[in-house]
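The following explanation leads the reader through one structure, from single residues to the chain as a whole. Please keep the sequence and the model in view while reading.

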Amino acid sequence: MITKWMIRCKIEEFLFEKEVLSLAGLTGFENAVAFEADSTTPTKAACVAEHNGKIIGAAGAAESSVDSVWEMGVDVREEYRNAGLGTFLVDRLARELLARQIIPFYSASVTNIGSQMVAYRCGYSPMWVDTFGTVLDGSSVYEGLMNGF
């Protein structure tokens, strides 16, 4: 197991707007930095950690439907987890967003206890829960509602 005392990583400068495009092609960090097939991204800010020239963790933020309120997410490579790196990256990114007058919020799946712990360690509290369901027969639970539109 890797402990926080064993990791000597380089924290990159914060990447904002078009700078985030430099991470195109990065895989394994879909909760932090997402790219479309055409290499565009909704991610507007990122903080990245490297170890031996390899990205080992990233926290990213994307605009929400509310102006100046951005959703954050984080990913850390499995072999570097449980050493506080995710918490460190989210905290650093949140502070940078706040300094730029952007309100960060963090969302985690109800099944992702590790991600919930990162949020808790960064001072976030649960505010709402949303769910998502899929009907596999091609129908939709919303068909009745959508008929009027």
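A residue is called buried when its relative accessible area is under 20%, exposed when that area is over 50%, and partly exposed in between. The model considered here is a predicted one. Met127 has a relative accessibility of 68%, and therefore counts as exposed. Met127 is placed in the loop between α2 and α3, the latter spanning 143-146. Along the chain, Met127 and Phe105 are 22 residues apart, and their C-alpha atoms are separated by 9.9 Å.

The protein chain contains 3 helices and 6 strands, and their order along the sequence is β-β-β-β-β-α-β-α-α. Of the 149 residues in the protein chain, 34% are buried.

Which elements each supply at least two residues to the lining of the largest pocket? They are the strands β4 (54-63), β5 (69-76) and β6 (103-106), together with the helices α1 (85-99) and α2 (113-121). The largest share, 7 residues, comes from α2. The lining comprises 46 residues in total, and those nearest the centre of the pocket are Tyr106, Ser107, Ala108, Ser115 and Gln116. Sorted by class, the lining has 24 nonpolar, 16 polar and 6 charged residues. The space within the largest pocket amounts to about 1,300 Å³.

Helix α2 also holds Met117. Is Met117 buried, partly exposed or exposed? Its relative accessible area is 34%, so Met117 is partly exposed.

Most residues other than glycine have a negative phi. Ser68, in the loop between β4 and β5, has instead a positive phi near 60°. With a relative accessibility of 40%, Ser68 counts as partly exposed. Gln101 likewise has a positive phi, near 65°, and is a residue other than glycine. The place of Gln101 is the loop between α1 and β6. The relative accessible area of Gln101 is 64%, and Gln101 is therefore exposed.

Methods:
Residues are numbered from 1 along each chain as its sequence is written. This is a predicted model: local features need pLDDT of at least 70, side-chain atom pairs count only at pLDDT 80 or more; totals for chains, interfaces and linings use all residues. Side-chain values use heavy atoms; hydrogens and water are left out. On a 1 Å grid over the protein atoms alone, a cavity is a set of points where a 1.4 Å probe fits but cannot get out, and a pocket is an open set with protein on both sides within 12 Å along at least five of seven lines; lining residues have an atom within 4 Å of a point. Grid points are joined across faces, edges and corners, and a volume is the space filled by probe spheres set on the points. Helices (H or I, at least four residues) and strands (E, at least two) are DSSP runs, numbered from the N terminus. Ala, Val, Leu, Ile, Met, Phe, Trp, Tyr, Cys and Pro count as nonpolar, Asp, Glu, Lys and Arg as charged, and the others, Gly among them, as polar. Buried means under 20% relative accessible area, exposed over 50%, partly exposed in between (1.4 Å probe, protein chains only).
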